[in-house]
Amino acid sequence: MMLGTDVSDLSTTAATAAAQGLSIVVPIYNEAAGLALFHERLGALAKTLRKRYGLGCEVVYVDDGSADATLTIARELAADGLDVQVVSLSRNFGKEAALMAGLDHARRGAVLFMDGDGQHPPALVEQLVSHWIDGGFDVVYTAKAHRDNESALRRIAVHGFYALINWGARQKIPEDAGDFRLLSPRAAAALRQLPERNRFFKGLASWIGFRQIRVDYEPAARAHGVTTFSPGRLIGLSIEGLTSFSVAPLRFASLLGVLLATVAFLFGLSILWETLVSGKSVPGYPSLVVGLMTIGGVQLIMIGIVGEYIGKILSELKARPIYFVAEHSVKRVEADAAAGVSERTAAE
């Protein structure tokens with residue numbers, strides 16, 4: 001039985017890339033105010049890519065249960081320069097599920113993931129495509145050039161998160177890397193083969209390997225609205241990423257247990273030494289209470305960490321779908337539609 005997947009037949013060269021094309025996956029959530037302008041910029045980008053590389057493009061908008069008019073606007077977007085798919089999920093399943101839904105519905109070879117809020121500049125896409133076609137890279141990921149505009153506490157937290165998740169990992173997750181990245185056809189096929197339901201996209205895209213390159217960029221200001229990622233939600237996503245992709249928290253809990261046991265042993269030796277040498281026994285009540293509180297707190301932390309992993313196991317065993325599609329529509333570019341009509345007429 002073969003326990004791996006051979007994707008070597010999907011290797012791309014400059015000559016074969018144009019035939020496979022590019023799917024642009026855009027998760028959208030309450031983006032009604034800027035979606036039309038964003039789509040217009042994507043259309044211009046698609047025409048540029050077709051002219052330079054002969055690359056056919058499509059965009060896959062995944063509406064993740066928006067509460068405004070996002071879905072209505074998405075339905076009306078014209079297939080100008082690129083095909084348009086609109087995938088509407090039955091409710092808000094979260095960005096990771098939306099990314100997977102877009103990947104599942106992508107009909108072209110290579111797949112590009114980007115946000116629809118305007119912070120991922122479409123102008124940078126041409127550079128990512130160049131690394132894929134001209135440079136031969138399978139994964140082209142972007143990362144923030146700097147975090148100078150963020151607070152010191154946030155920078156420390158981000159650095160600590162990546163240090164912990166990469167602790168002991170064979171395949172490191174690049175620090176500051178985002179979801180804005182391009183996957184070659186074989187990298188996209190490899191990512192589709194990963195069966196887990198608790199997905200951490202950044203980690204999985206790094207774990208698959210292949211030739212990868214980093215592109216630093218300066219995120220643009222949001223075109224409209226405010227971010228929906230509150231500090232509490234970011235902490236939740238960090239815990240989700242850690243427990244879905246890394247066993248570092250379990251290792252940390254084990255090391256903490258060893259450290260606590262060592263401290264307790266040394267404390268016991270000090271009490272025994274003082275009793276034997278001076279004949280004085282250490283008062284028991286304060287040391288007993290402190291010891292019990294310390295051990296109890298550490299045990300609760302460890303139980304909580306183990307509980308997170310048990311919850312992940314339960315979720316995987318239930319094997320529930322990670323999303324449901326309530327509506328799906330496809331629009332083809334007018335040139336493709338006209339060519340299809342001509343072919344059918346000739347055949348008749």
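**Close-up views: salt bridges and an enclosed helix**

Asp83 is buried, with a relative accessible area of 2%. Buried here means under 20% relative accessible area, exposed means over 50%, and partly exposed lies in between (1.4 Å probe, protein chains only). This is a predicted model, in which local features need pLDDT of at least 70, side-chain atom pairs count only at pLDDT 80 or more, and totals for chains, interfaces and linings use all residues. Residues are numbered from 1 along each chain as its sequence is written, and side-chain values use heavy atoms, with hydrogens and water left out.

**View 1. Arg107 and Asp83 form a salt bridge.** The closest N and O atoms are 3.1 Å apart. A salt bridge is a side-chain nitrogen of Lys or Arg within 4 Å of a carboxyl oxygen of Asp or Glu. This pair links distant parts of the chain, 24 residues apart. Asp83 sits in strand β3 (residues 83–89). Arg107 sits in the loop between α4 (95–105) and β4 (110–113). Helices (H or I, at least four residues) and strands (E, at least two) are DSSP runs, numbered from the N terminus. Arg107 counts as partly exposed, at 39% relative accessibility.

**View 2. Lys95 and Asp115 meet through their side chains in a salt bridge.** The N to O distance is 2.9 Å. The two residues are 20 apart and link distant parts of the chain. Lys95 belongs to helix α4. Asp115 lies in the loop between β4 and α5 (125–133). Lys95 is partly exposed, with a relative accessible area of 23%. Asp115 is buried, at 16%.

**View 3. Lys95 also forms a salt bridge with Asp179.** Here the closest N and O atoms are 3.2 Å apart. Asp179 is buried, with a relative accessible area of 11%.

**View 4. Glu58, Asp83, Arg107 and Arg108 belong to one network.** Salt bridges that share partners join these residues. A search of the whole structure finds eleven salt bridges.

**View 5. Helix α7 (residues 185–192) is largely enclosed by the rest of the structure.** Why? Six of its eight residues are buried, so the helix is largely enclosed. The buried residues are Pro185, Ala187, Ala188, Ala189, Ala190 and Leu191.
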